[in-house]
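Subject: Structure for you to look at

Hello,

Here is the structure I said I would pass on. My notes follow below it.

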Amino acid sequence: MGGGSEADFMIHGVVKYTLFGQELWLTTTTVGMTIITIVLLILAFAANRTMKKATDVPGTFQNIIELGMEMLESMTTGILGKEARRFANYIGTIFLFILFCNLSGLAGLRTVTADFGVTFLLGLVTFAIVQYQGIKNHGVGHFTGLFKPLPVLFPINLIGEFANPISISLRLFANMLSGVIILGLWYGMLPIFAKIGIPAALHVYCDLFSGCIQTYVFCMLTMVYVNDKL
Amino acid sequence: MNISGQDFIYGCSAIGAGLAMIAGIGPGVGQGIAAGHGAAAVGRNPGAKSDITSTMLLGQAVAETTGLYGLVVAIILMFVKPFG
């Protein structure tokens, strides 16, 4: 960025490497994603160990796990109904991953989902699942359905299909990026007395509130798109 | 004062970014209407408060998308500098 200001909210390269003659970088996003993956793995192993020797009267950690599983089950059955069990794994995985990515701004990392490479990949995975379910459940009807009400509407239906991954990934990306930019400007450009206390409120809105809402919305929309093709 | 072609393009990009953020009006109005109807629904049926809140938040997040497209356009114009 230009302008000579000290505000810093860009993605930075950490390690440079060359692959097939292309200059590539491991960025702050990669570092954040690695840390989050390790944290999630540790949590998963701890949860597995706890649930293997589960007790009738649950302890604190077991209680939290059971609460989370019940929330996941009610969230998936609310939309997918009978098919909920098949998709609960995937929904739970992306819910935890996106939630931790959105909250990583609180831990001093650059918010991982404020990188379009991450969110667009999540959108593409959703797109692939939706198309696979459509072809599996409707066969050729999945493609002839694009001509359904009137053949003239084919281009609009096609754009509507391809707009889904772009719109859900841009929604998540833009929400988190706006928080990163607001906080970067606040920390970088204001005098020292403005940085005491006030950023806490901004963090609560931009990271906690916005992050949790967008995680919920991403998972809900994924389920709604999948439910359309069942 | 001499303004080079490059500076002129940057200035026009900044004006374009400002104009793109006019897109923020629509979602603001829409979210306000959604929140108002949500409040009315809770007043009519306080028992369904959690259902109403989650539906309202989902609808608001979807309605927000058009404004966020404007934001993305503005950010690309300001920081990616596609015309510079």
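Which residues in helix 4 of chain B are buried? They are Thr65(B), Gly67(B), Leu68(B), Gly70(B), Leu71(B), Val72(B), Ala74(B), Ile75(B) and Leu77(B). Buried means under 20% relative accessible area, with a 1.4 Å probe and protein chains only. Helices are DSSP runs of H or I with at least four residues, numbered from the N terminus.

This is a predicted model, where local features need pLDDT of at least 70, side-chain atom pairs count only at pLDDT 80 or more, and totals for chains, interfaces and linings use all residues. Residues are numbered from 1 along each chain as its sequence is written, chains are lettered from A in the order in which they are written, and side-chain values use heavy atoms, without hydrogens and water.

The cover over the buried residues of helix 4 of chain B includes helix 6 (154–189) of chain A, as well as helix 1 (5–20), helix 2 (25–44) and helix 3 (49–63) of chain B; contact means heavy atoms within 4.5 Å. After helix 4 of chain B comes Lys81(B), with a positive phi near 55°.

The whole structure has one cavity of 30 Å³ or more. A cavity is a set of points on a 1 Å grid over the protein atoms alone where a 1.4 Å probe fits but cannot get out, and lining residues have an atom within 4 Å of a point. Points are joined across faces, edges and corners, and the volume is the space filled by probe spheres set on them. For the largest cavity it is about 50 Å³. Helix 4 (116–138) and helix 6 of chain A each give at least two lining residues, and helix 4 of chain A gives the largest share, five residues.

Regards

Terms used: Buried < 20%, exposed > 50% of the residue type's maximum accessible area, 1.4 Å probe, protein only. 1 Å grid on protein atoms, 1.4 Å probe; cavity = no way out; pocket = protein on both sides within 12 Å on 5 of 7 lines; lining within 4 Å.
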